[in-house]
Amino acid sequence: MKTAAAPPALAPAAIVRLAVAEQADGGQDALTRARTFAEPLLVGHRLDTGEDALAHADGVAGILQAIGAAPAMQAAAYLVYAGDWLQRPEEVVAKAFGPSYAS
């Protein structure tokens with residue numbers, strides 16, 4: 001009987017690469033920098049739901065923390081919402097935080 005070949009290995013998703021890359025310092029610095037970066041972009045803006053954008057980003061980061069997500073993942077939540085108010089979000093975030101966060 002012939003056995004099936006194993007499927008080719010897939011590259012890890014960007015979010016997985018991000019979490020691994022930030023393990024050295026625990027990602028705490030990135031979380032602090034991401035919130036500081038996002039705050040002036042989000043303050044005073046409302047999402048389509050009517051919710052304050054910064055409060056929503058804080059809530060998402062809090063949920064991620066509560067379920068044990070790494071600080072790097074929490075930082076990414078702030079950057080995702082901040083990207084809505086940037087002209088070239090991937091370029092700006094890559095310059096400020098590196099390509100892993102930009103993707």
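The structure is a predicted model, in which local features need pLDDT of at least 70, side-chain atom pairs count only at pLDDT 80 or more, and totals for chains, interfaces and linings use all residues. Residues are numbered from 1 along each chain as its sequence is written, and side-chain values use heavy atoms, with hydrogens and water left out.

The chain contains six helices and zero strands; here helices (H or I, at least four residues) and strands (E, at least two) are DSSP runs, numbered from the N terminus. Read from the N terminus, the order of elements is α-α-α-α-α-α. Of the 103 residues in the chain, 32% are buried. A residue is called buried under 20% relative accessible area, exposed over 50%, and partly exposed in between (1.4 Å probe, protein chains only). The accessible surface of the chain is about 6600 Å², and 60% of this surface belongs to carbon and sulfur atoms; such areas come from the Shrake-Rupley method with a 1.4 Å probe, and for residues only the protein chains shown count as cover. A contact means heavy atoms within 4.5 Å. Among contacts between residues at least 6 apart in sequence, 60% join residues at least 24 apart.

Helix α2 may now be considered in detail. Helix α2 has 15 residues and reaches 20 Å from its first C-alpha to its last, close to the 21 Å expected at 1.5 Å a residue; the expected span is 1.5 Å times one less than the number of residues. Its buried residues are A30, L31, A34, A38, L41 and L42. Seen down the axis of α2, these buried residues fall within an arc of 95°, so they line one face of the helix; the arc is that of the directions from the helix axis to the C-beta atoms. The cover over the buried residues of α2 includes α3 (53-66), α4 (71-82), α5 (89-97) and α6 (99-102). Just after α2, G44 takes a positive phi of about 85°.

On the other side of α2, T36 and P40 are exposed. Why is T36 classed as exposed? T36 is exposed because its relative accessible area is 54%, above the 50% cut-off. A polar atom of the T36 side chain lies 2.9 Å from the backbone oxygen of T32. T36 and Y78 are 42 residues apart along the chain, and their C-alpha atoms are separated by 9.2 Å.

Q74 is found in helix α4 and counts as buried because its relative accessibility is 6%. Leaving out residues up to four places away in sequence, Q74 touches L31, A61, L64, Q65 and A69. L79 also has its place in helix α4 and is buried, with a relative accessible area of 6%. Although L79 and A34 are 45 residues apart in sequence, they are 6.3 Å apart in space, C-alpha to C-alpha. With the same exclusion of residues up to four places away, L79 touches A34, F37, V93, F97 and Y101.

The last topic is the core. A nonpolar core is a set of buried Ala, Val, Leu, Ile, Met, Phe, Trp, Tyr and Cys residues joined through side-chain atoms within 4.5 Å. The largest nonpolar core has 22 residues, of which L42, Y78, V93 and Y101 touch the most other members. The elements that give two or more residues to this core are α2, α3, α4, α5 and α6. Apart from its neighbours within four places in sequence, V93 is in contact with L79, L86, G98, Y101 and A102.

Definitions and conventions:
Polar contact = N/O pair within 3.5 Å; in protein donor to acceptor, adjacent residues only side chain to side chain.
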